[in-house]
Amino acid sequence: MIQDIFDRGELEAEVGQTAFPALRLAHRLSPEAIRDLIEQAGLVGKGGAGFPTCRKLALMQRQPDAVKYVVINGGEHEPGSGKDHHLLEHYPITVLEGALILAHAASAGVLHIALLQTAERAIENLKNAVRLLKEDSLSKCAPEVRISVVSESYIVGEESALLEVLSGRDPLPRQRPPHPVQAGLDGRPTLVQNVETVSHLPYIVLYGAASYRALSPAGAGVTLCTFGPEFVKEGVCLVPLGISLRDVLTIYGGGLKSGKKIKAVQPGGYSAGFLTNAELDVCFDHAPLREAGSALGCGVIRAFDEDQDMVSVAADVMDFFRQSCCGQCPGCRMQTQVLSRIMDQTLAGRGSEKLTRQVPVVIKANEDKGICGFIHMPAAPALSILKKFDEDFVRHFEVSTDKVVRE
Ligand code: SF4
């Protein structure tokens with residue numbers, strides 16, 4: 001097993017039991033030195049997009065404004081994901097310490113932490129961590145910490161929609177540019193990061209970038225994953241990056257409870273492309289998974305065994321996108337409704353090859369017609385499932401043909 005990089009006991013014992021040891025050390029470093037450390041560690045955003053954390057921070061550091069904000073997104077809106085909640089429940093001081101390190105590196109005067117209104121224990125834990133900070137001498141140079149609660153609606157996880165909610169408006173993504181890092185809350189530069197991303201910072205600051213990378217045998221660092229209920233070791237687990245996806249599934253996920261052969265894997269949440277069993281030797285990291293037509297996303301790993309009808313999976317995924325669309329853009333509304341209808345009709349035995357040929361056409365026609373990145377999300381799962389599991393679709397078309405003949 002990998003060392004638990006979030007554990008306070010290990011972090012504090014190393015530096016003589018002081019609270020917030022990494023923050024204390026970070027305050028002796030310049031914002032640029034912290035950014036360099038993050039770059040050397042190769043840390044990327046753990047909320048889904050996998051954008052390099054140092055580049056987003058560099059953009060923030062270039063903003064000349066005197067007033068800046070950091071917002072930590074702890075809503076964990078991806079279905080099936082449990083990692084941020086796990087951190088907030090078990091390691092709230094590490095989460096707060098990481099957020100404060102980022103705020104220091106971003107020269108932010110206010111730190112917002114957004115949590116789900118239903119996450120009562122996480123909210124309480126974080127409030128206790130803030131109380132601990134207030135009792136510490138570090139509080140004199142710490143930013144103001146504000147804890148906000150948000151709804152479970154998926155689109156609130158989109159960073160500009162989250163900022164709208166924190167500003168008291170409806171959860172609707174905003175047109176960009178300007179990007180939040182240029183003009184976010186109150187029109188001020190606002191750096192939005194995920195709970196897990198900042199939770200890696202205390203370890204990186206205390207032990208250095210090389211130690212962080214060396215947590216993985218491939219020298220690529222680590223990430224939290226949430227294994228679905230079909231896995232022997234379901235739930236949240238720290239996984240090394242750079243090993244094969246097959247090893248991730250067997251060593252860290254424990255394989256399937258059913259004991260059956262894996263037919264398909266979706267390794268990064270609903271918007272990730274599906275992989276076949278033959279593709280499982282792909283390297284488990286952002287770039288190789290992207291090249292394979294999939295994504296690591298926020299590490300929600302779902303696997304489907306050889307008995308699974310993939311048309312039913314496609315219908316479920318497209319229904320999720322239909323329900324989660326915020327409705328602002330006609331192209332996104334139309335795309336999500338049509339894709340969901342095609343999959344539902346196929347599942348109900350009313351599909352055809354001609355109908356599913358509309359899937360790539362609809363996706364292409366709406367490619368750049370959305371205000372936010374949600375417009376692109378159905379493409380990879382829809383196209384990969386059609387291409388790689390076409391025999392399942394053909395089986396449903398045969399049912400349709402039988403019906404026509406009988407009628
Ligand atoms: S692309 Fe979709 S989710 Fe994003 S703003 Fe437009 S309608 Fe809403």
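Me: Taking helices (H or I, at least four residues) and strands (E, at least two) as DSSP runs, numbered from the N terminus, where is proline 178 found?

Reply: Proline 178 is found in the loop between α8 and β4. Please keep in mind that this is a predicted model, in which local features need pLDDT of at least 70 and side-chain atom pairs count only at pLDDT 80 or more, while totals for chains, interfaces and linings use all residues. Residues are numbered from 1 along each chain as its sequence is written, and side-chain values use heavy atoms, with hydrogens and water left out.

Me: OK, and what kind of peptide bond joins proline 177 and proline 178?

Reply: Proline 177 and proline 178 are joined by a cis peptide bond, with omega at about 5°. The peptide bond from arginine 176 to proline 177 is cis as well, with omega near -5°, and proline 177 also lies in the loop between α8 (159–166) and β4 (190–194).

Me: Which residue has a positive phi of about 55° although it is not a glycine?

Reply: That is aspartate 186, where phi is positive at about 55°, and its place is in the loop between α8 and β4. A second case is glutamate 76, which is not a glycine either but has a positive phi of about 45°; glutamate 76 sits in the loop between β1 (69–74) and α5.

Me: Switching to helices: at what angle do the axes of α5 and α7 cross?

Reply: The axes of helix α5 (residues 83–90) and helix α7 (residues 120–134) cross at roughly 45° and come within 8 Å. That makes α5 oblique to α7. The axes here are lines fitted to C-alpha atoms, for helices over the stretch in contact, and angles run from 0 to 180 degrees between N-to-C directions; under 35 degrees counts as roughly parallel, over 145 as roughly antiparallel, 65 to 115 as roughly perpendicular and the rest as oblique.

Me: Which hand is the crossing of α5 and α7, and which residues make the contact?

Reply: α5 and α7 cross in a left-handed way, meaning that the near helix is turned anticlockwise from the far one by less than a right angle, with clockwise giving right-handed. The contact (heavy atoms within 4.5 Å) is made by His85, Leu88 and Glu89 on the α5 side and by Arg121, Ala122, Asn125 and Leu126 on the α7 side. By class, the contact of α5 with α7 comprises three nonpolar, two polar and two charged residues, where Ala, Val, Leu, Ile, Met, Phe, Trp, Tyr, Cys and Pro count as nonpolar, Asp, Glu, Lys and Arg as charged, and the others, Gly among them, as polar.

Me: And how do α6 and α7 pack?

Reply: Helix α6 (residues 92–105) packs with α7 at an angle of about 60°, the axes being 8 Å apart, and α6 and α7 are therefore oblique to each other. The crossing of α6 and α7 is right-handed. From α6 the contact takes Pro92, Ile93, Leu96 and Leu100, and from α7 it takes Asn125, Leu126, Ala129, Val130, Leu132 and Leu133; these residues divide into nine nonpolar, one polar and no charged.

Me: What about α17 and α18, how do they cross?

Reply: Helix α17 (residues 358–365) and helix α18 (residues 379–388) have axes that come within 10 Å and cross at roughly 160°, so α17 and α18 are roughly antiparallel to each other. The crossing is left-handed. Val359, Pro360 and Ile363 in α17 meet Ala379, Ala382, Leu383 and Leu386 in α18, and the residues of this contact are seven nonpolar, no polar and no charged.

Me: What does proline 143 touch?

Reply: Leaving out residues up to four places away in sequence, proline 143 touches Leu100, Ala103, Ala108, Gly109, Val110 and Leu111. Proline 143 lies in the loop between α7 and β3 (144–150) and is buried, with a relative accessible area of 15%.

Me: Last one: into which domains is the protein divided?

Reply: The protein is divided into domain 1 (8–210), domain 2 (216–305) and domain 3 (310–406), with bounds that come from an automatic or database domain assignment. The centres of domain 1 and domain 3, taken over C-alpha atoms, are separated by 36 Å, and their contact takes nine residues from domain 1 and eight residues from domain 3.

Definitions and conventions. Buried means under 20% relative accessible area, exposed over 50%, partly exposed in between (1.4 Å probe, protein chains only).
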